[in-house]
Amino acid sequence: MEKQIFRLSHATARQNAARAVLEAPEGFMVRIEPRTRSLEQNAMLHALFTDAAKHATWHGRKLTAEQWKVLFISGHAIATGRGADMVPGLEGEFVNIRESSARMSVARMTSLIEYINAWMAENVEVPA
């Protein structure tokens, strides 16, 4: 039996998932978790990082989209009460062991996108 994923969006999907659990071989496991970000949210998120890289500066510096990703996800964690996990890095630098955007729920990703939009609106003038 291969890995199966069921989106529990209606009664038939729930029945199919229950049947798969009953038929699963010994030693298999079941995980119930919120749906992670959508493809549309992922596309929006990366477009926002690219916009920030094109139009924003941080402490007088232009940053890459990947650097903005780190800053926004870290800032969002602080703004939403999750805090930061700063550890000394392998070469003596400091590293924020941040949450993974790929593992964010749809609701958490929506919150991150709203956070980025609000920050951009307050801090960046995007040319028309």
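This is a predicted model: local features need pLDDT of at least 70, side-chain atom pairs count only at pLDDT 80 or more; totals for chains, interfaces and linings use all residues.
Helix α4 comprises residues 106-123, 18 residues in total, and its first and last C-alpha atoms are 26 Å apart, close to the 26 Å expected at 1.5 Å a residue. Its buried residues are Arg-108, Met-109, Leu-112, Ile-113, Ile-116, Trp-119 and Met-120. These residues lie on the same side of α4, because they cover an arc of only 140° around the axis. The face turned away from that buried side carries the exposed residues Ala-107, Glu-114, Ala-121 and Glu-122. As for the partners of the buried residues of α4, they pack against α2 (39-55) and α3 (65-79).

**Aromatic pairs**

Five aromatic pairs are found when the whole structure is searched. In one of them, the rings of Phe-49 and Phe-72 have their centres 6.4 Å apart and their planes at 15°, so the pair is stacked. Because Phe-49 belongs to helix α2 and Phe-72 to helix α3, this pair ties together parts that are 23 residues apart in sequence. Phe-49 is buried, with a relative accessible area of 1%, and Phe-72 is likewise buried, with a value of 3%.

Another pair is formed by Trp-68 and Trp-119, which is tilted, with 5.3 Å from centre to centre and 55° between the planes. This pair links distant parts of the chain, since Trp-68 sits in helix α3 and Trp-119 in helix α4, 51 residues apart. Trp-68 counts as buried at 1% relative accessibility, and Trp-119 counts as buried at 17%, because the cut-off for a buried residue is under 20%.

The two pairs are set side by side below.

| Pair | Centre distance | Angle of planes | Class |
|---|---|---|---|
| Phe-49 and Phe-72 | 6.4 Å | 15° | stacked |
| Trp-68 and Trp-119 | 5.3 Å | 55° | tilted |

**How the parts join**

Which residues make up the aromatic cluster? Phe-49, Trp-58, Trp-68, Phe-72 and Trp-119 form one cluster, and among its members Trp-119 is also one of the buried residues of α4, the set that packs against α2 and α3.

Terms used:
Residues are numbered from 1 along each chain as its sequence is written. Side-chain values use heavy atoms; hydrogens and water are left out. Helices (H or I, at least four residues) and strands (E, at least two) are DSSP runs, numbered from the N terminus. The expected span of a helix is 1.5 Å times one less than its number of residues. Buried means under 20% relative accessible area, exposed over 50%, partly exposed in between (1.4 Å probe, protein chains only). The arc is that of the directions from the helix axis to the C-beta atoms. Contact means heavy atoms within 4.5 Å. Rings of Phe, Tyr and Trp (its six-membered ring) pair if their centres lie within 6.5 Å; planes under 30 degrees apart count as stacked, over 60 as edge-to-face and the rest as tilted.
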